[in-house]
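Please read them alongside the coordinates.

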Amino acid sequence: MTMRKASLIQGNRACTEGALAAGVRFYAGYPITPSTEIAEIMSEELPKLGGKFVQMEDEIAGMACILGAALTGKKVLTASSGPGISLKQEAIGYAAMAEIPCVIVNVQRLGPSTGGPTSSAQGDIMQARWGTHGDHPIIALCPSSVYECFTLTVTAVNFAEKFRTPVYVLLDEIVGHMRENVELPTYEEIKIIDRKKPTCAPKEYKPYKIDESMIPAMADFGTGYKWHVTGLFHDETGFPTGKTDVIDSQLNRLMTKFSKYEDEILLWEENQLEDAEILLVAYGSTARSALDAIETLRNEGIKVGLFRPITIWPFPEKVLRGKLEKLKHIIVPEMNYGQLMLEVERVCKDKVSVSGLFKVNGLPITPDEIIAKVREVL
Amino acid sequence: MRPDLHHLFRIDKLPHIWCPGCGHGIITRTIGEAIAESDLDLEQTVIVSGIGCSSRASGYMNFDTLHTLHGRALAFATGVKLSNPQLNVFVLTGDGDATAIGGNHFIHAARRNINLNVILFNNNIYGMTGGQYSPLTPTGKMATTSPYGNIENNFDIPALAIASGASYVARGTAFHDKLLVDCIKEGIKNKGFSLIEAMSMCPTSYGRRNKMGTPADMLNDLKTSAVNINVAKKLTPEKLEGKFLIGTLHHKPYREFTEEYDKLIDRLRKEDI
């Protein structure tokens, strides 16, 4: 691939560019605002690369279809929003349980229900973590710029492949539809990770083997391994089991499989945190308003800093806990009624008080609103 | 089971979980026979199933097997087949799985005429959950959720499949097992969406509640109620009252989805040059 030039593109397009650069060659989905551009661009680009796009009959089918494709060895992605993401939850749980790599881009719109299709929100933070039933692992990444839509989609595909897990890319509508002039990385500059495949003989293959890596190798369908995939509790061989000790050990592996890779998975950004007394914890488009507010407040001599979790799930709690020394207060501005604030509070409240700034009417949180909130707590 | 079929099954996973007298074991065996007689590359064959009694069949078959979600087998299978059209893909599903919760996927997979071999085990009931009425429970019949007799109407599965675009549609029964093998083989040969309705019987959750006698009586009912389509052509409507047709009901090959997609890829590559 040749050098890329700077171009004025929207976040949704940057996601598709990132997906294609990361090696995604299969997309299945259903049209829904404000994520539809991702499907449209994929339908245009994938067949040119020998990949496949299919518009399925519903959201559930879109999610199920990419899982089928992933089992043949393809890197897969789907995108949706609001009600569509709700419909996909059962199959997302299946992907977590059967450990099938896949990426779900959620361009968050105002909810609940049909809500505001063209309005922005950050109301799916907790859904991303616990949207499907039962305990399960999940990774969710949250870009706050068009450039990051590209790089984090690449990262999401890599994480899905490496850790055999569903990974969310959580945009908000503002980031998805915002246009910025960006110079995207060349293909040569991108690190690509492929899933680990078995090297043993088919008879020896254990698709859910518990070993020190915590992530078992995954065979492509059609390569002679003849393995069984199910959403039922299964043993190392993949076949259903009712043995409670086996269920216990497999679920324990599932729930802790990211823990030894936290250095790789947990991503965040800091701004003027060293001497900060007031900390803003913000993500997505809201982090941009937070940065603007910090500039104004710093000019007035008010010591404000930003902690921007890029990996929302698993939440970078140890990292954040390491930043609390000089802090007097934490403010979490978000376009929901405090979903991530609850998490920040859980992590920090024994050391620092936490309050939220919530706005859930489809409009972005402005720098002035953040500035006013900071002044309120001073 | 015929020893020459053993390599197609995971013998170590048997005996199966189905109740004594269930028709599903016979139907699963006919799928194995049809595969054995069709010269398929066994390593390039994938069995996809949904949730329910029928869908447990995948676990007993010695292939890459995918036991999915309730109703979603066809959506998963579409992903498997479209991403790798070289694979022979079978879908094992039940009457509730395919025509209730999975009804949308059923009509759309047929509409795309994607090359899948679908064997729909129809036992007229939700067996796994203990006998609730399905879209194929005949009107008037008893089920745990139709304790006063079912007042709903049934789907005509072959008519539904044909209207939706399936290019091969057939019906067999657990009694007419040789015919069922032939139908599945024809479905394998058909390059498109093939739907084989396999009439099964559920003595535990359906027959018992409707006083249908022993499993052998239920098998006999399948025998006497079925009329081969070739014979039916010579019979009057009065003679066909209360009967159902078996055999190849529809065969009309036309453009298949994954082939069309590959043609699109070729076309774009040529334009690119």
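**Notes on the predicted model**

1. In chain A, E59(A), I60(A), M63(A), A64(A) and L67(A) of α3(A) are in contact with G84(A), L87(A), K88(A), A91(A), I92(A), Y94(A) and A95(A) of α4(A). Contact here means that C-beta atoms, placed from the backbone, lie within 7 Å. Sorted by class, this contact comprises nine nonpolar, one polar and two charged residues. The classes are as follows: Ala, Val, Leu, Ile, Met, Phe, Trp, Tyr, Cys and Pro are nonpolar, Asp, Glu, Lys and Arg are charged, and the others, Gly among them, are polar.

2. This is a predicted model, in which local features need pLDDT of at least 70 and side-chain atom pairs count only at pLDDT 80 or more, while totals for chains, interfaces and linings use all residues. Residues are numbered from 1 along each chain as its sequence is written, and chains are lettered from A and ligands numbered from 1 in the order in which they are written. The predictor assigns the complex an ipTM of 0.98 and a pTM of 0.98. Chain B has an average pLDDT (the predictor's confidence in each residue, from 0 to 100) of 97, and 100% of its residues score at least 70. Among the elements of chain B, the lowest mean pLDDT, 95, belongs to helix α10 (residues 257-272), and the highest, 99, to helix α2 (residues 73-83). Helices (H or I, at least four residues) and strands (E, at least two) are DSSP runs, numbered from the N terminus.

3. Axes are lines fitted to C-alpha atoms, for helices over the stretch in contact, and angles run from 0 to 180 degrees between N-to-C directions. The crossing of α3(A) and α4(A) is right-handed, a crossing being right-handed if the near helix is turned clockwise from the far one by less than a right angle, and left-handed if anticlockwise.

4. Helix α3(A) also meets chain B: its axis and that of α2(B) come within 6 Å and cross at roughly 45 degrees. That angle makes α3(A) oblique to α2(B), and their crossing is right-handed. Among the residues in this contact are I60(A), A64(A) and L67(A) from α3(A), and F76(B), V80(B) and L82(B) from α2(B). The contact of α3(A) with α2(B) has 12 nonpolar, four polar and no charged residues.

5. Which residues make up the contact between the chains as a whole? It takes 33 residues from chain B and 34 residues from chain A. On the chain B side, β2 (64-67), α2, α4 (103-112) and α10 each supply at least two residues. The most come from α2(B), with eight residues. The chain B side divides into 14 nonpolar, 14 polar and five charged residues.

6. Nine strands form an open sheet of mixed pairing, in the order β10(A)-β2(B)-β1(B)-β3(B)-β4(B)-β6(B)-β5(B)-β8(B)-β7(B). Strands pair if DSSP finds at least two bridges between them. The edge strands are β10 of chain A and β7 (226-228) of chain B, and the twist averages 20 degrees from one strand to the next. Strand β10(A) (residues 228-230) pairs with β2(B) in the parallel sense over three bridges, with T65(B) as the bridge partner of H228(A). On β2(B), there is also parallel pairing with β1(B) (residues 45-49), over four bridges. Helix α2(B) lies across β1, β2 and β3 (88-94) of chain B, at about 175 degrees to β3(B).

7. Two cis peptide bonds in chain A deserve a look. T33(A) to P34(A) is cis, with omega near 5 degrees, and P34(A) sits in the loop between β2 (24-29) and α2 (36-45) of chain A. G111(A) to P112(A) is likewise cis, with omega near 5 degrees. P112(A) is in the loop between β5 (102-110) and β6 (116-120) of chain A. S113(A), not a glycine, has a positive phi of about 55 degrees, and S113(A) also lies in the loop between β5 and β6 of chain A.

Conventions. Contact = placed C-beta atoms within 7 Å. Parallel < 35°, antiparallel > 145°, perpendicular 65-115°, else oblique.
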